[in-house]
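Trainee: I'd like to understand how the labels we attach to a structure follow from the values behind them. Could we go through one together?

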Amino acid sequence: MDDSPLKQQLRSLMRCVLSYHTSYKCSYHTSYSLASVSTLQMDKSVIKFNHCDKDIYCFFVPDQCPECGVSFSGKRLEEAPVSIPNPVGNGHKAPCAFLVASTEDSVLRDFDGRSDLHTGISNTNGIVYNYTKTGVQREHQGWERCICIPLVQPDMFSLMSQWDEYLEKFSSAQMWDPSWQSFNEESHNCYSYSLMFINRVLATQSKPALSKEEFTRSFVLPRIKRASKYMMLCREISQNHFYIVDSPRRNSGEGPSEEDGDSKSN
């Protein structure tokens, strides 16, 4: 699997995610007309709560239900509000991680399916190693908004103690010297650099290597899907203050509340 189909797969997935909800209409032009969506708003915590059989997403819990108008004053919500974690984080604060960032500066284009993606590997100090046309870069800034996929579990002390040495030695290899082998968008690029390092580390742990397809499907696409959905929520909330969808039926042993019983009775 070369990187051209990979890029198409990533972009196709993100477009599908953003068009999944029929209430959300997005085109090339409307995405740029959403001037109210800023980096600050993207960094806000999205809150979800349930009321009148609806899942309601917002930046803050309102005084009354935006769907049915019932006041929340002196009443308990059916479920406690929960904060939806922001899947986009600061790669410089994510040690020993595989990072995916957009090449676009606009917050609207981070993971919208139309921007190119760049990948890198962070060391234990948050310095991001990434391969470009001029060779391996070691960057202390510029990866503040990216998808972070941890590669080392907290209890893997031996691997963490050798991580920086592994990464520096691998990055200093002749194959990443542009005077010896040029950057190639199809076969010798940031993604192949990152995955090759991951497989080198797996080899030291006597674990099998991952193919591009396997790694992308299992680790990268789910995170990009989550980031795209989160960006869609922020856009909807910024425009309409709320994003409301039907709540799936809960398969629990708890009986319905009085309010649930009244709303479902015929």
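Trainee: How many disulfides does the structure hold?

Mentor: The count is 0. Keep in mind as we go that this is a predicted model.

Trainee: What makes the sulfur of Cys-68 too far from the closest cysteine sulfur for a bond?

Mentor: The closest cysteine sulfur belongs to Cys-65, and the separation is 3.6 Å. A disulfide calls for two cysteine sulfur atoms within 2.5 Å.

Trainee: Why is Cys-68 called partly exposed?

Mentor: Its relative accessibility is 38%. Buried means under 20% and exposed means over 50%, with partly exposed in between, so Cys-68 falls into that middle class.

Trainee: And Cys-234, is that residue buried or exposed?

Mentor: Cys-234 has 0% relative accessibility. That value is under the 20% limit, so Cys-234 counts as buried.

Trainee: Let's turn to secondary structure. How many helices and strands does the chain have?

Mentor: There are 7 helices and 10 strands. Four strands make up an open sheet, in the order S3-S1-S2-S10, with antiparallel pairing.

Trainee: Which strands stand at the edges of that sheet, and why?

Mentor: They are S3 (82–84) and S10 (243–246). Each has a single partner strand, so one side of each lacks a neighbour in the sheet. From one strand to the next, the twist averages 30 degrees.

Trainee: How do you know that S1 and S2 pair?

Mentor: Pairing requires at least two bridges between the strands. S1 (residues 46–51) and S2 (residues 54–58) share 5 bridges in the antiparallel sense, so the pair meets the requirement. In one of the bridges, His-51 has Lys-54 of S2 as its partner.

Trainee: What share of the contacts join residues at least 24 apart?

Mentor: Taking contacts between residues at least 6 apart in sequence, the share is 67%. As for the surface, the chain exposes about 14,800 Å², and carbon and sulfur atoms supply 49% of that area.

Trainee: Where does pLDDT stay under 50?

Mentor: One stretch is residues 12–38, for which the model has 48 contacts beyond four places in sequence. Another is residues 251–266, with 9 such contacts. The chain averages a pLDDT of 78, and 71% of the residues score at least 70.

Definitions and conventions: Residues numbered from 1 in each chain as written. Predicted model: local features only at pLDDT ≥ 70, side-chain atom pairs only at ≥ 80, totals over all residues. Heavy atoms only, no water. Buried < 20%, exposed > 50% of the residue type's maximum accessible area, 1.4 Å probe, protein only. Helix = DSSP H or I, 4+ residues; strand = E, 2+ residues; numbered from the N terminus. Axes fitted to C-alpha atoms, helices over the stretch in contact; angles between N-to-C directions. Contact = heavy atoms within 4.5 Å. Areas by Shrake-Rupley, 256 points an atom, 1.4 Å probe, with all protein chains shown as cover. pLDDT = per-residue confidence, 0-100.
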